[in-house]
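Welcome, and thanks for taking a look. Please have the sequence and the model open side by side as you read.

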Amino acid sequence: MALSGKVALLTGAGQGLGKGFSDILLKNGAKVALLDINETAGKNTKADFDKEYGEDRIIFLTCDVTSDKQLKGNFIFIFVILYQRCSASLCIEMIEVMS
Ligand SMILES: NC(=O)c1ccc[n+]([C@@H]2O[C@H](COP(=O)([O-])OP(=O)(O)OC[C@H]3O[C@@H](n4cnc5c(N)ncnc54)[C@H](O)[C@@H]3O)[C@@H](O)[C@H]2O)c1
């Protein structure tokens, strides 16, 4: 499964199944955005993955996925940081669409 150039967003990724799925996606070449309400678990998971896969492929964002506002806001960061081809005008457009 080649996932190079793909970006995956994983919720509850600080531990357990979410962390396990993230590991499989990274092994197969994807970039991952790890979202979790537990900041300590999320940061520790990112640190583990950074060592194995390189920090440019992983971001961690503290997020309660039951909050529409937090989830939508985090999409902007994910586009900007992991895709790195999001123009300022596109970001503004996305914020307007999502708000
Ligand atoms: N482990 C299993 O065998 C199994 C089997 C069937 C179903 N499930 C279900 O799958 C889900 C995940 O299981 P797990 O074993 O990985 O659980 P887990 O408790 O190990 O991990 C869940 C992660 O989700 C995070 N989280 C919880 N609420 C959140 C929120 N509102 N926003 C963001 N992050 C949040 C937690 O901080 C934690 O890091 C659970 O709902 C569980 O009931 C698990």
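## The ligand shell

For the classes used here, Ala, Val, Leu, Ile, Met, Phe, Trp, Tyr, Cys and Pro count as nonpolar, Asp, Glu, Lys and Arg as charged, and the others, Gly among them, as polar. Sorted this way, the shell around the ligand holds six nonpolar, eight polar and two charged residues. Please keep in mind that this is a predicted model.

Of the 16 residues around the ligand, the ones that come nearest are G12, G14, G16, L17 and N38. Helix 1 (16–27) and strand 2 (31–36) each contribute at least two residues to this shell. The largest share, three residues, is supplied by helix 1.

Three of them form an open sheet in the order 1-2-3, with parallel pairing. Strand 1 (7–11) and strand 3 stand at the edges with a single partner strand each, so one side of each has no neighbour in the sheet. On average, neighbouring strands are turned by 20° against each other, direction ignored.

Strand 1 and strand 2 run parallel and are joined by five bridges; L10 has L34 in strand 2 as its bridge partner. Helix 1 packs on the sheet, where it touches strand 1 and strand 2, and its direction makes about 170° with that of strand 1.

## Crossing to strand 3

Strand 2 is also joined to strand 3 by five bridges, and these two run parallel. Here V32 stands opposite I58. Helix 2 lies across strand 2 and strand 3 and runs at about 180° to strand 3.

How much of strand 3 (residues 58–62) is buried? Four of its five residues are, which leaves the strand mostly covered.

## Two loop residues

N28 sits in the loop between helix 1 and strand 2. N28 counts as partly exposed because it has 13 C-beta neighbours inside 10 Å. Although N28 and S4 are 24 residues apart in sequence, their C-alpha atoms are 7.2 Å apart in space.

V65 belongs to the loop between strand 3 and helix 3 (68–83). Why does V65 count as partly exposed? The reason is its 14 C-beta neighbours inside 10 Å. Leaving aside neighbours within four places in sequence, V65 is in contact with T11, L35 and L71. V65 and D36 are 29 residues apart in sequence, with a C-alpha to C-alpha distance of 7.7 Å.

Notes. Residues numbered from 1 in each chain as written. Predicted model: local features only at pLDDT ≥ 70, side-chain atom pairs only at ≥ 80, totals over all residues. Near = placed C-beta within 6 Å. Buried ≥ 20, exposed ≤ 12 C-beta atoms within 10 Å, placed from the backbone. Pairing = 2+ DSSP bridges. Contact = placed C-beta atoms within 7 Å. Axes fitted to C-alpha atoms, helices over the stretch in contact; angles between N-to-C directions.
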